[in-house]
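Here's a quick tour to read alongside the viewer.

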Amino acid sequence: MWKWLHPYAKTERAYQLCLTLQPWFWVGALVCLSIGTVWGLAFAPQDYQQGDSFRIIYIHVPSAILSMGTYVAMAIAALVGMVWQWRTAYMSMIAMAPIGAVMTFIALFTGAAWGKPMWGAWWVWDARLTSELILLFLYMGVIALYGAFEDKQQAGKAAGVMALVGVVNIPIIHYSVEWWNTLHQGATISKFDNPSIAPEMLWPLLINLLGFAFFIGAVTTVRLRNEIVLREMHRPWVQALALDNVPKQTSGSPNGNLKEGS
Amino acid sequence: MLEACGLTCSKRDRTLFEGLSLVVNTGELLYLRGPNGAGKTSLLRILTGLSEPDSGAVLYNGVNISEDKTGYYRDLFYLGHKSGTNGSLSALDNLSFWLAQHSISMQENTLYDVLAKVGLVGLEDVPVRYLSAGQQRRVALSRLWLKPAKVWILDEPFTALDVKGVHLLETSMKEHVSRGGLIITTSHQHLSETAGEHRVFDLEYRF
Amino acid sequence: MQFESFADFLNMGGYAFYVWLSFGVTFLAMGIIAIQSFSKHRDLLKQVVVEKERKARIKKARQQQQDNT
Amino acid sequence: MSLYQGIFKRDMHIAFKQKAELVQPLMFLLMVVTLFPLGVSPSPDTLQRIGPGVIWIAAILSSLMAMERLFRDDFQDGSLEQYMLSGMALPAVSAVKVAAHWLVSFVPLLLLSPLLAMFLNLTVDMYIALVLTLLLGTPLLSLIGAIAVGLTVGLQKGGVLLALLLIPVFIPLLIFATSAVDSAALQLPYHAQLAIIAAMLLLAAALAPFAIAYSLKVSQN
C-alpha cells in the first residue's frame, strides 16, 4: 500500500520532491498567515473578559499545537527510518527539529506575553506552560544529541531513538504536570479554558493554524534539502547541482584562491 | 651543547635512572634507545624542563636551563607523544597560533609552502581532528621548518608516519645536523642511512 | 473592522505592548529560522564546490610529487 | 602583550567552534532551575523565597560542568606543553585563559539570568542584587575552579573529583551571594556582602594565577 512512497527513500528523489513542494508551502504559508493574522488582529471580535490581549491566541494556540505536532511528526519519521531503514526519514526528522523548537519557543513567549496582562506575571508555573517548557528541553536534547555525533548516519539513529522516547513521554509528562499543578492548587485560575469559542474567532485561528503548518512544511523542505546536500556531498548529482548554483567567483575559500602550482 | 649532569628520576617509586649524565654537542644526533618503560620519555621531558628531575641538572651552553628558560626555549623545539594541535582548529590556524606564541612572525604563504612540503596540500583549512593520525603528525612536525630552533628534542617522531613521511623527516634531521643543529630523538624503528651519522645511547630497564 | 480608527488598532485596547510584542517576536523568530535555512543552503553548495576544488588540488599535488620522484 | 592576546584569540576561536560545549551547561542550568518549582512548589511566594539560592546553586553546578574544558583539551592534545616551552609566563597564560573561559561560559549565564529571575518570581530589587553578585562571584568561580581543574586535568576520571574539591570551596561565596539577594528582598542594604565577595575576588585575582600555574606544572610532571 505504501509502495508509492518508497522511491522517496532515495535522496535525489526526495530532493526533487522538496523542490516541487516548496513553492506551494511558501505561498500557502504567506497567504494563510496574512489572512489569519489580519483577520485575527483587526476583524475578529474582542473577548469580553480579556479584551484585545486575547488576540495573542491567534499565534499562541497554533504554535502550541504545532510544536507538539512537529514532535510527533519527528517521532513518526524516526519510526519510518527504523522500520524501513530509510536515510531520508532520519534526515527529515532532523530537518524538523529546529523549526519545532522555534514553534515551542513562540508558544512559550506568546504564553508569557499573554500571561503578563492576565496574571500579572510573565511566568507562572501553569500546567500547560510547564509541559511546553519541558517539550522545549526535549527538542534541545534531540538537537544536541544529533550535533554531538560526528557520523551523521549514526547521529540520525540516536536522535531518532531519543525522539521516540520523548514522544512516549509527552503524554506522561503532560498528565503528571497537570496532576502536580492541581495538587498545588494552581497559582492562578486558567482563563484559557474557554470551552466554546465563537465561530468568528475560530476561523482566523484555524487559518493561522494552517498557515503555521505550511510554514513548518516550507522550512522543513529547505532544511531537508540542506541535510541531503550535506550528507551526499560527494555524489555527482550534488556536485553538478552546486556547480550550477554557485557562481565560480564566490568560492572564495583559501583553497579556492590559492596560488597555483606551489 | 646540551649537558645532563647526574639526573635521577623515579616514577611511582620505581627508579628509572640514577646519576645519568650525557653530553650532546652541536652537529650531533643522539639516538636514545631502550625498552618500553625504560624512561626515555621521562628523560626527554627532563631535558626540555617540562619535568623536574629528582636530582641533577640540565645545562644548555653551560647554563642551567631552570635559570635561563627564555634563552633555552628560544633555541628549543620539542615534540612529544601529543601533537600540540587542537582538533577543532585547522592546520593553518594551529600553526599560526603556535607561531604567535613563540613570537615568530611569518607570512601565510610560507605556511602554505611548509604544509605543502609535508604533503598536506588541500588539507590546510580542515579541522585537524578530521585528518588521519599520520597527517596530524605531519602537521605537528611541520613546525620543524617554521621555528629556527637549534635543539630538536623529538619523542617518537616517526609514530604513524608512512614511508615517505619517515624519509622526509630523516632527510631533514640530517640537514639539521649538518647545519650545526643538535637532535635528541627516540624511536622504536632503527634510524636508516638517510638520517646520517648518529650516536646511540642505550637506556636500560631497571627493576 | 473591530476598531474605530487606526490609532485604536495600534493601541489594542490598552494591550498594545503585549500584543505587538508577541506578534513581532513570533514573526521575527520565523523570519530568522527561514533566512538561516536558506543561507545555510547557499553555504553548503559553496562548500561542495570548495571540496571539489580541494580534491582537484590534492590530486594535482600528488601528481607533481610523482613526477618529481 | 600581543603574545597573550594571541592565546585569548585562540581560546575564543576554539570556543566558537565548540558551541555545543558552551550551550549544554546553560541548558543544564535552566533545567535544574525548572526542577525546583516542580519538586518544591510552584507558588510564587515559595519560589521567591528559595529563588536566589536555587539560581546560585544551579550556577555553581553548571559551572562545574563547564569548568573542565578550561584546560582539558589543551592538556590532552599537548598544547599545554607547547605553552610551557614557549617561554611565556605560565601565570599570565593561565590568567588569560581563565578570562577567556569566563567570557564564554559565564557571560551567557548573565544573559540568561533575567529568564531565571522570571521563572522564580524574583522582584526587580532582588534581580539587581543577583546580577551584582553574579558579576562579582562568577569570576571568582572561574579563578578558583581553574586551580582545581589544573590539579585534576592529568587524571583520567577527574569529573566527579573536581566537584568534590570545589563545592566546599564555593560555600562561602554561596552564603554571601544569597544573603545579599535576601537582604535586597527585604529592602536592606547589602553592600557588606558585595564588599566581601569583591574582596575574595581581588584576592583570587592576585593569587590564583600563580596557584593555577603551579598546579598545571604538577600535572605535567
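How many of the nine residues of H1(B) are buried? Eight of them are, so to speak, tucked away, and the helix is mostly covered. Keep in mind that this is a predicted model.

**Helix H1 of chain B**

- The buried residues of H1(B) are B:Lys40, B:Ser42, B:Leu43, B:Leu44, B:Arg45, B:Ile46, B:Leu47 and B:Thr48.

**The antiparallel sheet of chain B**

- Four strands of chain B make an open sheet with antiparallel pairing, in the order S2-S1-S4-S5.
- Strand S2 (14–24) and strand S5 (63–64) of chain B sit at the edges with a single partner strand each, so one side of each has no neighbour in the sheet.
- H1(B), residues 40–48, packs on this sheet and touches S1, S2 and strand S4 (55–60) of chain B. The direction of H1(B) makes about 130° with that of S1(B).
- Seven bridges hold the antiparallel pairing of strand S1 (residues 2–11) of chain B with S2(B).
- If you want landmarks along that pairing, B:Cys9 has B:Phe17 in S2(B) as its bridge partner, and B:Ala4 has B:Leu22.
- The hairpin of S1(B) and S2(B) has two residues between the strands, and B:Arg12 takes a positive phi near 50° there.

**The parallel sheet of chain B**

- Chain B also has an open sheet of five strands, ordered S6-S7-S8-S3-S9, and here the pairing is parallel.
- Strand S6 (76–79) and strand S9 (199–202) of chain B are the edge strands, each pairing on one side only.
- From one strand to the next, the twist averages 15°.
- H1(B) turns up again, packing on this sheet and touching strand S3 (28–33), S6, S7 and S8 of chain B. This time the direction of H1(B) makes about 150° with that of S8(B).
- Strand S7 (residues 151–154) and strand S8 (residues 182–186) of chain B run parallel and are joined by four bridges.
- B:Trp152 stands opposite B:Ile183 in S8(B).

- Just past H2(A), A:Gln85 takes a positive phi of about 60°.
- The largest nonpolar core has 202 residues, and A:Met74 and A:Met93 touch the most other members. H3(A) gives the most to this core, with 20 residues.
- Leaving out residues up to four places away in sequence, A:Met74 touches A:Met93, A:Met96, A:Ala97, A:Gly100 and A:Ala163.

**Where chain A meets chain C**

- On the chain A side, 42 residues are in contact with 33 residues of chain C.
- Helix H1 (11–43), helix H3 (87–119), helix H6 (199–231) and helix H7 (236–245) of chain A each supply at least two residues of the side that touches chain C.
- H3(A) gives the most to that side, with 11 residues.
- By type, the residues of chain A on that side divide into 25 nonpolar, 12 polar and five charged.

Definitions and conventions: Residues numbered from 1 in each chain as written. Chains lettered and ligands numbered in written order. Predicted model: local features only at pLDDT ≥ 70, side-chain atom pairs only at ≥ 80, totals over all residues. Contact = placed C-beta atoms within 7 Å. Nonpolar A, V, L, I, M, F, W, Y, C, P; charged D, E, K, R; others polar. Pairing = 2+ DSSP bridges. Axes fitted to C-alpha atoms, helices over the stretch in contact; angles between N-to-C directions. Core = buried A, V, L, I, M, F, W, Y, C linked by C-beta atoms within 7 Å. Buried ≥ 20, exposed ≤ 12 C-beta atoms within 10 Å, placed from the backbone.
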